[in-house]
Amino acid sequence: HAEVVAMRDAMSRLKCSNLSGTVLLATGEPCGLCYRFAQNCGIDAIYVAADREEAASWGFDYRSSYALFGITDDMRAQFYRALPVPDRYEPFARYLEISGGHTSDLE
């Protein structure tokens, strides 16, 4: 849950309890917990290089967590913004290379 860690760090550094007026950048679309935390922290938008379908195709499938945290398609649409960047799959490929192709450590 790197997004949660990043938001907590930002609030600590800024000495605030709310991140209104800020955006979150993510390589892959966040899981339900991270979406919910972003909403609760007042994040305005989440910019994502690889959407949930693309992330799932690399073995990072968090789609089932959305329902657990009440992340509906309407709620997701309020926050999600595509961030097309070159080499957006490189972090996934590198992680799988380093981990020997296993994503089970992330679940």
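Helices (H or I, at least four residues) and strands (E, at least two) are DSSP runs, numbered from the N terminus. The structure described here is a predicted model, in which local features need pLDDT of at least 70 and side-chain atom pairs count only at pLDDT 80 or more, whereas totals for chains, interfaces and linings use all residues. Residues are numbered from 1 along each chain as its sequence is written, and side-chain values use heavy atoms, with hydrogens and water left out.

An open sheet is formed by 3 strands in the order β1-β2-β3, with parallel pairing; two strands are taken to pair if DSSP finds at least two bridges between them. The edge strands, each of which pairs on one side only, are β1 (23-28) and β3 (80-82). On average, neighbouring strands of this sheet are turned by 30 degrees against each other, direction ignored; such angles run from 0 to 180 degrees between N-to-C directions, and the axes are lines fitted to C-alpha atoms, for helices over the stretch in contact. Strands of a sheet pair through backbone hydrogen bonds, either parallel or antiparallel. Strand β2 (residues 45-50) pairs with β1 in the parallel sense over 5 bridges. L24 has I46 of β2 as its bridge partner, and G28 stands opposite A50 in β2. Strand β2 is mostly covered, as 5 of its 6 residues are buried. Buried denotes under 20% relative accessible area, exposed over 50%, and partly exposed in between (1.4 Å probe, protein chains only).

The largest pocket holds about 470 Å³ of space. On a 1 Å grid over the protein atoms alone, a pocket is an open set of points with protein on both sides within 12 Å along at least five of seven lines, and lining residues have an atom within 4 Å of a point. Its lining comprises 20 residues, of which H1, A2, E3, F60 and Y62 lie nearest the centre of the pocket. At least two lining residues are supplied by each of α1 (2-14), β1 and α6 (90-98), and β1 gives the most, with 5 residues. By class, the lining has 15 nonpolar, 3 polar and 2 charged residues. In this scheme Ala, Val, Leu, Ile, Met, Phe, Trp, Tyr, Cys and Pro count as nonpolar, Asp, Glu, Lys and Arg as charged, and the others, Gly among them, as polar.

Backbone angles were also examined. Most residues other than glycine have a negative phi. K15, although not a glycine, has a positive phi of about 55 degrees; K15 lies in the loop between α1 and β1 and is exposed, with a relative accessible area of 75%. D87, likewise not a glycine, has a positive phi of about 60 degrees. D87 is found in the loop between β3 and α6 and counts as exposed at 60% relative accessibility.

A search of the whole structure finds 0 disulfides, a disulfide being a pair of cysteine sulfur atoms within 2.5 Å. For C34, which is in no disulfide, the nearest cysteine sulfur is that of C31, 3.7 Å away. C34 is buried, with a relative accessible area of 1%. C41 is in no disulfide, and the nearest cysteine sulfur, that of C16, is 8.7 Å away. C41 counts as buried at 5% relative accessibility.

Key: On a 1 Å grid over the protein atoms alone, a cavity is a set of points where a 1.4 Å probe fits but cannot get out, and a pocket is an open set with protein on both sides within 12 Å along at least five of seven lines; lining residues have an atom within 4 Å of a point. Grid points are joined across faces, edges and corners, and a volume is the space filled by probe spheres set on the points.
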